[in-house]
Protein chains: 2
Amino acid sequence: MFYIIGLGLCDEKDITVRGLEAVKGSSRVYLEAYTSILMVQKDRLEAFYGKGLILADRDMVETESDEILRDADQADVSLLVVGDPFGATTHTDMLLRARALKIPTRVIHNASIMNAVGACGLQLYNFGQTVSLVFFTETWRPDSFYDRIRENVDLGMHTLVLLDIKVKEQSEENLARKIYEPPRYMSIPQAVSQLIEVEEKRQAGILSPETTLAVAVSRVGGGPGNERIVAGTLSELSAQPAEAFGEPLHSLVIVGKRVHPLEIEYAQEFAVSRESWRNVATKIYACNLD
Amino acid sequence: MFYIIGLGLCDEKDITVRGLEAVKGSSRVYLEAYTSILMVQKDRLEAFYGKGLILADRDMVETESDEILRDADQADVSLLVVGDPFGATTHTDMLLRARALKIPTRVIHNASIMNAVGACGLQLYNFGQTVSLVFFTETWRPDSFYDRIRENVDLGMHTLVLLDIKVKEQSEENLARKIYEPPRYMSIPQAVSQLIEVEEKRQAGILSPETTLAVAVSRVGGGPGNERIVAGTLSELSAQPAEAFGEPLHSLVIVGKRVHPLEIEYAQEFAVSRESWRNVATKIYACNLD
């Protein structure tokens, strides 16, 4: 059996009991660590599982899938992924490949940012499509995400914006050698800056520093003292010091106009300024607060 | 500490290791069982946890929240919910109430249908807002869900349609007595019939029995032999016998026009008729299949 097992969002204890049993019974266990990251390192997982893990980077998952699947028709092989297995298309590719090889598969689900984002108090059924924001470079500043956000904004839906991570990337001069750049994770202020840059270029008036409400969610599922949720206008969020959000990973939710007063009330607990949060919600979002 | 713990989707082994530890350390453990259901009964959970569970029905969660929260500032109390805690607004209400009472809280996330639906091969970032479909009665046939589906269809997004469940409901003549109706779960054919009824009334041309593709997902996360995914046109799905979908719970995904050929390829494994599935995808959805 080939298992793809979701690890959830935080640490070694977020695996399900079913997932843990599958890991313990597997002859090889791979850890995929480039589409997202856990808040703990590989050795802590290994100690908890009592088992060595094989790191599977992008190269391996995309070009050596047959090696990962080797003998999985006779023994159990597991691929561990952060969040839920269906968060990234590479995992569905792996399942298709296993299917083609007639290897039985099982997916063990877990929380992902796609549902755990509900922790900020905004209701999941009020979210439109999710968008991803990649690091802009000097020469590559793709802005198609703006059209997706616009569609959500026009309907009054919330938008979950997933922020880019760069793990095990190589600079151009190091392409030939096995030298990697340090990992990079997009910060909330950087995300806001990219959003505003594209708004200024496109001028559709869907995002505004002073009147668009947003919620930054960091390390969701990490529990009290670790998880951090900060709510405010885009400009309030981008003015926060790095410590306000803490370690990666960060995501950003852009609040849609259909927001319910109860969602505003719940999230105001996390507001940079409750007064400003309620003020914009009342005047711009037409929220009827008590 | 007051814990709200997601149980995931299937059985007693879908709880996370962190969730299981919290259950074992709690002085009282409530099981919320009306917004969704697990595939196993309470006694199996109790045997696995080595602990008695207090059933919390809608009445209790909505009107006796202070009893549930009693002493949670001194001892640990857990509320178990199917899926992820943020799937239902009543759980955010409980957290707000705990906050007002200055009781520390922790949410332990898990998979929910909102992310596990990716199992059908349709990509989560191509989903628009989620809608709920309630049982129509003689006198109450609410159709506002149609406007939501229409918004998604207009954008080409997929729509996850959650089907009504009725647990511990009372008939009018039994309102005064503690006599409950047997539980009811909306079936896929019934859901399709309600969708088509509203389409015929509204006539916006967004749903068509012969040319709208959909995927029925049943008992997602239940693993091989239990989970069931069936793909086809609305009329193909509604013509299936009940055994094609099996036991509850069922959900329905309406495929949006922006569907990617790889999503069609993945889901065709589950098609009632591969030929019809590919044919409609090519001709109506303009999918470029090999």
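Student: Does A:D143 count as buried or exposed?

Tutor: Good place to start: this is a predicted model, where local features need pLDDT of at least 70, side-chain atom pairs count only at pLDDT 80 or more, and totals for chains, interfaces and linings use all residues. Residues are numbered from 1 along each chain as its sequence is written, chains are lettered from A and ligands numbered from 1 in the order in which they are written, and side-chain values use heavy atoms, with hydrogens and water left out. Buried means under 20% relative accessible area, exposed over 50%, and partly exposed in between (1.4 Å probe, protein chains only). The relative accessibility here is 15%, so A:D143 counts as buried.

Student: Which side chain meets A:D143 in a salt bridge?

Tutor: A salt bridge is a side-chain nitrogen of Lys or Arg within 4 Å of a carboxyl oxygen of Asp or Glu. At 2.7 Å from N to O, the partner of A:D143 is A:K201.

Student: How many residues apart are A:D143 and A:K201?

Tutor: A:D143 sits in the loop between β6 (131-133) and α7 (145-155) of chain A, and A:K201 in helix α8 (residues 188-202). Helices (H or I, at least four residues) and strands (E, at least two) are DSSP runs, numbered from the N terminus. The pair links distant parts of the chain, and the separation is 58 residues.

Student: And is A:K201 buried or exposed?

Tutor: Let's check its surface. Because the relative accessible area is 58%, A:K201 is exposed.

Student: How many residues apart in sequence are A:R278 and A:E265?

Tutor: Their side chains meet in a salt bridge of 3.4 Å, N to O. A:R278 belongs to helix α11 (residues 274-283) of chain A and A:E265 to helix α10 (residues 261-267), so the pair ties together parts whose separation in sequence is 13 residues.

Student: How many salt bridges are there between chain B and chain A?

Tutor: Side chains of opposite charge can pair when their charged atoms come close. One salt bridge joins B:R18 to A:D11, with the closest N and O atoms 2.8 Å apart. Between chain B and chain A, the count is 10.

Student: About how much area do chain B and chain A bury between them?

Tutor: Contact (heavy atoms within 4.5 Å) takes in 50 residues from chain B and 50 residues from chain A. Buried area is the accessible area (1.4 Å probe) that two parts lose on being put together, summed over both. With 56% of it on carbon and sulfur atoms, the two chains bury about 4,400 Å².
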